[in-house]
Amino acid sequence: MKKIFSITLALMLLLSNIGYTMATHYCGGEAVESKLMLVKHNLDCGMPDMEQGCEEDMPNGHQFSSKPCCQNEYQTFQIEDTFKTPVIQASPNWMFVSAFVQTFLNPALYTPTSLPQYRNYSPPLPKQDNQALFQSFLI
């Protein structure tokens, strides 16, 4: 079940990043054919003279040709990768910087210059153990 789910998610991610193109072919101002494809491809309706204008009869007998008879319209659907990393303009905390310099980079400020007086001091001997002296032990 996990494999099917992971394969499905991977395919969905792949297909969403590819992008699709919806092509619609108009002939005489009406949509004749529509296709969903991965890349742009020209659609045609089989007319040999697609680039020539359509001749429309006007009521007063004149012919009018404003646009080609057949045309293709494309709509592309794709995820835009316009991710921009935010620019962080941080000013240093001068209290922290000064404390850091004094603590780690300049330890000579905190080292004592004279030795302490108790360096050669030996502690007094411990008092004798009364239990061992009188040999009275609680069991």
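Accessible areas come from the Shrake-Rupley method with a 1.4 Å probe, and for residues only the protein chains shown count as cover. I looked up the total for the protein chain: about 13400 Å² of accessible surface, with 60% of it belonging to carbon and sulfur atoms.

I noted what I am working with. This is a predicted model, where local features need pLDDT of at least 70, side-chain atom pairs count only at pLDDT 80 or more, and totals for chains, interfaces and linings use all residues. Residues are numbered from 1 along each chain as its sequence is written, and side-chain values use heavy atoms, leaving out hydrogens and water.

Next I checked burial (buried is under 20% relative accessible area, exposed over 50%, partly exposed in between, with a 1.4 Å probe and protein chains only). Buried residues are 9% of the 139 residues in the protein chain.

Then I listed the elements. I found three helices and five strands in the protein chain. Helices are DSSP runs of H or I with at least four residues, strands are runs of E with at least two, and both are numbered from the N terminus. Along the sequence the pattern reads α-β-β-β-β-β-α-α.

I followed strand 1 (residues 20-27). Two strands pair if DSSP finds at least two bridges between them. Strand 1 pairs with strand 5 (residues 70-77) in the antiparallel sense, over eight bridges. Here Tyr26 stands opposite Gln71 of strand 5. Strand 1 also runs antiparallel to strand 2 (residues 30-37), joined by seven bridges. His25 has Glu33 in strand 2 as its bridge partner.

Last, I looked at the turn. Strands 1 and 2 form a hairpin with two residues between them. Gly28 in this turn has a positive phi of about 70 degrees.
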